[in-house]
Amino acid sequence: MLAEVRPDGFTMLDTYRLAFADGLFAVRDGAEIRVAQGDGIGAQLLRAQLGDDGALRLVAYNHRASPADQRRALLAALAAAFSDSARHASIRLDPAAWPAVALDALRASGVLADAGRCMREGWAQQADLWLVGPHLPCATLPVFTDGRRHPRRPPAPRGEVYARDLPALGVRFTLRGWQPAEDAQRVARWFDEPRVRDGWPGAQPGVDGGQGAAPDADPHVIPLVGCFDGEPFAYFEAFWLKEDALAPHVAARDYDRGLRMLVGESRWRGPHCVAGWLPSVVHYLFLDDPRTEAVGCAVPAGHARVADHLARHGFARQRRLALADAQPLWMRTLRETFFSGRHV
């Protein structure tokens with residue numbers, strides 16, 4: 001039986017399970033790591049031992065597994081190895097011991113570097129561990145919006161798009177698309193609280209002439225709902241900066257993203273919860289399109305705590321924006337900064 005992890009975010013036990021798409025999961029039990037896909041002995045893909053020196057030693061693996069399954073199994077084992085803390089920038093493998101086909105795949109995708117080192121920032125950019133369902137970036141096709149030239153954008157997602165287990169919190173974080181029938185009413189309830197209403201820039205999402213209209217009617221905005229263990233607790237708007245009103249103020253590039261966010265459920269507030277969901281949301285935005293090089297956030301004046309949270313998770317304070325009705329603090333993280341900072 002796996003040990004329970006306290007939900008207060010301050011205890012990290014030795015035994016936990018990380019689940020991925022298609023039934024793949026990794027179990028960390030002290031130094032031992034087991035990876036399987038489904039149940040039963042035949043479902044086991046590998047067993048390994050993580051040394052104090054950062055070396056992951058192969059104990060056994062399923063040589064009948066397909067090359068794709070061997071690659072994902074090794075990525076899942078690395079997830080378990082990296083998940084206890086940010087102290088490891090890399091995990092070492094013995095190239096002579098591990099399946100060559102899996103190593104070749106990791107080398108081709110930028111995870112495996114020289115001397116058998118698996119780089120954390122390369123591993124964290126392997127989208128198929130966290131993105132849900134098939135995912136291909138939209139083709140680069142120029143279009144115009146209000147006189148601004150920008151790439152064509154994909155439609156807003158409807159179902160679950162991202163999933164990540166957070167052992168330090170003992171919960172599973174997921175992101176899904178906006179569901180008008182239930183989310184408009186939920187966000188309206190959240191906006192009844194002044195703290196939420198005062199911290200959101202602009203009009204309340206999902207309201208249009210008294211009707212619960214989906215905010216994804218604007219093609220440059222991607223409305224997302226964050227959940228812990230299936231419970232919706234937060235609302236996010238990820239938007240393409242190039243065609244946003246902020247574009248002239250922030251020198252936006254074609255695939256830069258902006259982020260607006262609110263936490264509606266009071267029991268999921270606090271820095272320990274922010275440390276789980278904030279890096280996960282930014283992680284999703286960088287995985288969603290590999291051409292995205294920056295994610296920014298305009299922090300309303302008077303919200304220093306929000307700026308501090310962002311700064312702890314890789315965002316740099318840029319400058320105050322001189323907008324017509326406000327002077328928010330523009331903060332930004334770059335892809336290289338986020339992944340090299342070990343925020344995943």
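**Close-up 1. What covers the buried residues of helix H2.** The cover over the buried residues of H2 includes helix H1 (67–82) and strand E7 (117–119), where contact means heavy atoms within 4.5 Å. This is a predicted model, in which local features need pLDDT of at least 70, side-chain atom pairs count only at pLDDT 80 or more, and totals for chains, interfaces and linings use all residues. Residues are numbered from 1 along each chain as its sequence is written, and side-chain values use heavy atoms, with hydrogens and water left out. Helices (H or I, at least four residues) and strands (E, at least two) are DSSP runs, numbered from the N terminus.

Close-up 2. Within H2 (residues 100–108), look for Ala 102, Leu 103 and Leu 106, which are buried (under 20% relative accessible area; exposed is over 50%, partly exposed in between, with a 1.4 Å probe and protein chains only). These three sit on the same side of H2 because they cover an arc of only 100° around the axis, taken from the directions from the helix axis to the C-beta atoms. Ala 100 and Ala 108, on the other side, are exposed. After H2 comes Gly 110, with a positive phi near 85°.

**Close-up 3. The largest cavity.** Its volume is about 70 Å³. A cavity is a set of points on a 1 Å grid over the protein atoms alone where a 1.4 Å probe fits but cannot get out, and lining residues have an atom within 4 Å of a point. Among the residues lining the largest cavity are Leu 45, Tyr 61, Gln 70, Trp 98 and Ala 102. Strand E4 (44–50) and H1 each give two or more residues to this lining, and H1 gives the most, with three.

**Close-up 4. Helix H8 and its neighbours.** In H8 (residues 304–312), the buried residues are Ala 307, His 309 and Leu 310. They fall within an arc of 160° seen down the axis, so they line one face of the helix. Ala 304 and Arg 305 are exposed on the face turned away from that buried side. The elements that the buried residues of H8 pack against include helix H7 (271–288) and strand E15 (294–299). Following H8 is Gly 314, whose phi is positive, near 100°.

Terms used. On a 1 Å grid over the protein atoms alone, a cavity is a set of points where a 1.4 Å probe fits but cannot get out, and a pocket is an open set with protein on both sides within 12 Å along at least five of seven lines; lining residues have an atom within 4 Å of a point. Grid points are joined across faces, edges and corners, and a volume is the space filled by probe spheres set on the points.
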